[in-house]
Amino acid sequence: MNRARKQTFARFAPVTLIAVAIPALSLLPAAFFNRITPSAPPFPAWDKLIHALLYAALSGALFHALPTNAKARGASWIGVALAAGGYGLIMECCQRWLTVSRGFEWLDALANLSGAAILAGTAGLRVRARRRAAGG
């Protein structure tokens, strides 16, 4: 594999892996999670934290895939957050329409968007701060 292909793979492989893992987890029957989670969750709404973390990971992978010059632009951060949050909204719809044991939840969709937005904004601000520190 030549250098350009390796760089392309390194940029887009994380997005691809996460984008495939999310529907695999989202569309599993609810009974699967009942077997692996404790009967009492560790704290209220812990599943919303899981949603936020999954979509933060997707947002981080999307941000990583951006061209270097786009990472400091606020519009890119918004695009990353909306892309990841939109994907989460689609997954919530798929849970409603494609499964019998799962359903659409607005709070899950909000947690997806929140995790994506927090990560995209944080990553973007870090890139800007590094550029300013480097004199660029």
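In which handedness of crossing does helix 3 pass helix 4? Helix 3 passes helix 4 in a right-handed crossing (the near helix turned clockwise from the far one by less than a right angle). This is a predicted model, in which local features need pLDDT of at least 70 and side-chain atom pairs count only at pLDDT 80 or more, while totals for chains, interfaces and linings use all residues. Residues are numbered from 1 along each chain as its sequence is written, and side-chain values use heavy atoms, without hydrogens and water.

**Helix 3 and helix 4**
- The axes (lines fitted to C-alpha atoms over the stretch in contact, with angles from 0 to 180 degrees between N-to-C directions) of helix 3 (residues 46-65) and helix 4 (residues 74-98) come within 9 Å and cross at roughly 135°.
- Helices here are DSSP runs of H or I with at least four residues, numbered from the N terminus.
- The contact (heavy atoms within 4.5 Å) includes His 51, Tyr 55 and Phe 63 of helix 3 and Trp 77, Tyr 87 and Met 91 of helix 4.

**Helix 4 and helix 5**
- Helix 4 packs with helix 5 (residues 106-133) at an angle of about 160°, their axes being 8 Å apart.
- Helix 4 is therefore roughly antiparallel to helix 5 (angles over 145 degrees).
- The crossing of helix 4 and helix 5 is right-handed.
- Among the residues that meet are Gly 85 and Gly 88 in helix 4 and Gly 121 and Gly 124 in helix 5.

**Pro 42**
- Pro 42 lies in the loop between helix 2 (30-36) and helix 3.
- With 62% relative accessibility, Pro 42 counts as exposed (over 50% relative accessible area, 1.4 Å probe, protein chains only).
- The C-alpha atoms of Pro 42 and Ala 129 are separated by 36 Å.

Terms used:
Helix = DSSP H or I, 4+ residues; strand = E, 2+ residues; numbered from the N terminus. Buried < 20%, exposed > 50% of the residue type's maximum accessible area, 1.4 Å probe, protein only. Parallel < 35°, antiparallel > 145°, perpendicular 65-115°, else oblique.
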